[in-house]
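Keep the 3D view open as you read.

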Amino acid sequence: ADLRRTATHSPIVCRNEGSCCPRTRARRDQLTNRPSKYLLHTMAAFHGLAGKIRGIVESDEFDLGSIKEPFAAAQLVSSAFGTPFDAPLAEMVRATLVVGAGKANRQKYDASLQKWVVAALKDAGYADDKSATCDFAAAGSFKTQHDTGRNLFFVHVFPRCSQKTAAAVDDDAATATDPAALSREHLLVAAELPTFSRTVSKKCASWTSKKRLLDALRGVRAQFAAADEKLMRREALDDDEQALYEIGSTDDLDEKLKTLLAACKAMVDAGQLTRLEKAAALEQMRERLDALPAGAAKKRSNVSENLAALEKRDVSSWKPPKLEHDAAIRALQTKLAPLSALEKSAGGGKLLSVSDAARLGEKPDLEERIAKLVEASRGWYESDEELAERLKPLQDHFAKLKAKHSAPAPRKADSGWSTAGGSRGGRKPAARGAFKPSRGGGGGFAALGD
């Protein structure tokens with residue numbers, strides 16, 4: 001038996017050391033704990049890929065199609081996420097690891113790559129959290145995703161990292177030309193037109209937000225005009241004016257204003273307004289009509305036509321856009337609802353078990369995460385009242401979840417005893433007057449037959 005055990009676990013020895021087949025060499029290297037040539041090559045590249053992951057200051061995507069062995073995946077995860085990121089971050093980041101693809105690119109990735117990465121992350125102390133978002137509260141977690149649009153499989157990792165203090169952020173924003181010191185309006189001035197349009201669509205989804213942004217950018221346009229006048233008089237620009245001139249131009253801003261104005265008009269024409277927004281738009285049209293001189297007959301006619309069309313337009317079916325983190329908030333509400341019911345039952349004097357008390361301790365953390373996601377979903381120039389209006393579907397969803405968990409459990413069926421004629425497939429009743437043998441001395445069940 002000892003000889004057989006030794007032969008089974010002994011390394012493979014090949015007489016032709018340099019010319020044996022690749023499969024034999026790989027097996028020999030595995031048994032002798034020697035990394036294969038592929039593994040040595042992959043490990044040499046880890047410093048670069050792991051260094052790139054650890055050096056990100058904003059969310060980024062990394063393709064892991066070159067990893068073909070579990071040790072390689074474990075080494076990468078350990079090098080990239082084994083310890084907290086060194087530099088504090090102003091905002092939370094997400095490292096998206098591409099670990100698989102659909103039919104078209106399936107051969108590029110190992111079939112077990114996602115399992116290797118997930119197992120390595122769990123070994124590194126990361127938690128699988130389907131509701132994790134790009135927030136410091138999610139640091140040290142990950143989640144998987146199948147992007148059906150791109151037909152790719154992802155593992156989103158939220159690394160352990162520290163948040164920059166307010167003083168450190170202020171130090172970073174020492175100069176006016178630094179993007180960290182620029183206002184949102186100046187960032188939009190500096191952005192290319194496609195980026196401008198995407199940002200406005202995401203951050204200013206409502207008509208009211210777009211109108212407020214339009215007013216703010218018109219104020220920046222006035223700053224450009226004042227700087228132009230100073231240059232015409234050959235006067236020196238101050239630091240703020242010089243910084244503004246370096247990030248944009250009057251012509252570029254005029255094009256963005258035209259694009260934003262067209263977006264506002266398109267929402268009005270499509271009836272994408274709330275009841276309050278419709279009233280505000282009608283008021284603005286009336287003020288504009290009153291401000292036009294009597295000689296501007298064509299302009300007055302156009303405004304009057306638009307005013308009459310909007311008065312007839314029905315906007316009752318329009319709903320405010322969803323919150324950016326709507327899905328993540330709903331997932332957290334699903335976890336929070338049973339805890340709220342548990343807390344209510346505890347308030348009624350019911351004693352909780354140790355496991356229930358531990359579960360109830362998670363409630364403040366869930367509520368804090370939801371509050372952060374709600375605030376992160378606030379659009380630019382959005383007031384508390386407008387945000388509360390968009391929160392109503394989520395509040396209704398949470399109320400239904402709480403009602404579901406607070407409802408009393410359905411009563412269990414009876415133990416199976418029934419009257420003689422009450423069951424269809426049961427024992428037939430005895431004939432009247434027939435002898436019924438006794439099963440003992442009666443007991444508690446005897447009364448059920450009376």
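Two aromatic pairs are present in the structure; rings of Phe, Tyr and Trp (its six-membered ring) pair if their centres lie within 6.5 Å, and planes under 30 degrees apart count as stacked, over 60 as edge-to-face and the rest as tilted. One of them joins Phe 81 and Tyr 126, whose ring centres are 6.0 Å apart with planes at 70°, so this pair is edge-to-face. Phe 81 belongs to helix 4 (residues 70–81), while Tyr 126 sits in the loop between helix 5 (113–123) and strand 3 (127–128), so the pair ties together parts that are 45 residues apart in sequence. Helices (H or I, at least four residues) and strands (E, at least two) are DSSP runs, numbered from the N terminus. Phe 81 and Tyr 126 are both buried, where buried means under 20% relative accessible area, exposed over 50%, and partly exposed in between (1.4 Å probe, protein chains only).

A word on the basis of these values: this is a predicted model, in which local features need pLDDT of at least 70 and side-chain atom pairs count only at pLDDT 80 or more, while totals for chains, interfaces and linings use all residues. Residues are numbered from 1 along each chain as its sequence is written, and side-chain values use heavy atoms, with hydrogens and water left out.

Another ring worth a look is that of Tyr 381: Arg 184 lies over its face, 5.2 Å from the ring centre. A charge sits over a ring if NZ of Lys or CZ of Arg is within 6 Å of the ring centre and within 35 degrees of the ring normal.

Now for the cysteines. How many disulfides does a search of the whole structure find? It finds zero, a disulfide being a pair of cysteine sulfur atoms within 2.5 Å. For Cys 134, the closest cysteine sulfur is in Cys 161, 9.0 Å away, which is too far for a bond. Cys 134 is partly exposed, at 35% relative accessible area, whereas Cys 161 is buried, at 16%.

Next, find Thr 96 in strand 2 (residues 95–101). Thr 96 counts as buried, with 6% relative accessibility. Apart from neighbours within four places in sequence, Thr 96 is in contact with Asp 60, Glu 61, Phe 62, Phe 154, Val 155 and His 156; contact means heavy atoms within 4.5 Å.

Asp 135 is in the loop between strand 3 and strand 4 (141–147). Its C-alpha is 7.8 Å from that of Val 93, although the two are 42 residues apart in sequence. With neighbours within four places set aside, Asp 135 is in contact with Met 92 and Lys 372.

Let's finish with helix 12 (residues 275–291), whose 17 residues reach 25 Å from first C-alpha to last, close to the 24 Å expected at 1.5 Å a residue. That expected span is 1.5 Å times one less than the number of residues. Which residues of helix 12 are buried? They are Glu 277, Lys 278, Ala 281, Leu 282, Met 285 and Leu 289. These residues cover an arc of only 135° around the axis, which puts them on the same side of helix 12; the arc is that of the directions from the helix axis to the C-beta atoms. They pack against helix 9 (207–232), helix 11 (250–269) and helix 13 (297–312). On the other side of helix 12, Leu 276, Asp 290 and Ala 291 are exposed.
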